[in-house]
Amino acid sequence: MNWRELLKVGKERLIRAEIEDADCDAWILLEYISGLDRARFFLYEQETVPTDVITKYTEMLEQRSCHIPVQHLTGSQEFMGLEFMVTPDVLIPRQDTELLVETVLPYVKGKKVLDVCTGSGCIAISLALLGQTSATDAVDISEKALKVAKINAGRLHAPVDFYQGDLLEDIKGTYDVIVSNPPYIASGELQKLMPEVHDHEPELALDGGTDGLDFYPRLLQEVTKHLAPGGIFAVEIGYDQGVAVREMFRRNHFEDVKCHQDLCGKDRVIIGRYQ
């Protein structure tokens, strides 16, 4: 079997398993197993594939066909141009969350920043490396998630200090910018998510309570105790939560409250300045 034939087999296997983005995932897994980039693939596509590569590729296709996320199979996900290790203990970094980072980047240079519900550490690490913060801290309730975040910070040489705690309950000091991607999926919606999500990503990082809004009032109450006057707070939200969360910001003495939309035109980030 040559390389082109093997890739075709991979695509067809994932299509039969009703995997979204089957073509893309078949290529990602083949690249991961073989080390071939696209240029080398097209150069060698008619050459015979080593047997061990076929075996390993077939095994990974079977796992992906069971809806194990491709990021869990490869152990990584790109975010803001950086490569992050991911495991089932953390939420897989998503493009929607890149909008959150991009929204606060103009405010963080030379500032002290806190990332709440850090998970893999992708937000805090990206802000520390790309935003030239003066100091970056991050907190998560999950000890397992923090282990992953610390590994990512070490690999990427990011100056981030990590703390374990429930939101900001154990955080000391004041920050210029606070950012968070809290759980915001309504409890009743969790089982309606793709199996890649509800079967393989941590429910702790997804479940936002009955209406998905449980964490925002708590966050806003605690954030106001740790945000400097004129400081910035930004959160990721569900596509249908913009009006409700924006009003929460205003009730908690935030001004210049704005809602940013994602690439699909849906509400995704709320940002405001503390009076």
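This is a predicted model: local features need pLDDT of at least 70, side-chain atom pairs count only at pLDDT 80 or more; totals for chains, interfaces and linings use all residues.
Let's start with the strands. Seven of them, 7 strands in the order β5-β4-β3-β6-β7-β9-β8, make up an open sheet with mixed pairing. At the edges you'll find β5 (160-164) and β8 (254-261); each has a single partner strand, so one side of each has no neighbour in the sheet. On average, neighbouring strands here are turned by 15° against each other, if you ignore direction.

Now zoom in on one pair. Strand β6 (residues 175-180) runs parallel to strand β7 (residues 227-236), and 5 bridges link them.

## Two helices across the strands

Helix α10 (residues 215-223) lies across β3 (112-116), β6, β7 and β8. Its direction is at about 160° to β7.

Helix α11 (residues 242-251) lies across β7, β8 and β9 (267-274). This helix runs at about 5° to β9.

## The second largest pocket

Which residues line the second largest pocket? They are I28, E31, Y32, V70, Q71, T74, S76, Q77, E78 and E83. The elements giving two or more residues to that lining are α2 (22-34), α5 (70-74) and β1 (76-79).

How values were computed: Residues are numbered from 1 along each chain as its sequence is written. Side-chain values use heavy atoms; hydrogens and water are left out. On a 1 Å grid over the protein atoms alone, a cavity is a set of points where a 1.4 Å probe fits but cannot get out, and a pocket is an open set with protein on both sides within 12 Å along at least five of seven lines; lining residues have an atom within 4 Å of a point. Helices (H or I, at least four residues) and strands (E, at least two) are DSSP runs, numbered from the N terminus. Two strands pair if DSSP finds at least two bridges between them. Axes are lines fitted to C-alpha atoms, for helices over the stretch in contact, and angles run from 0 to 180 degrees between N-to-C directions. Contact means heavy atoms within 4.5 Å.
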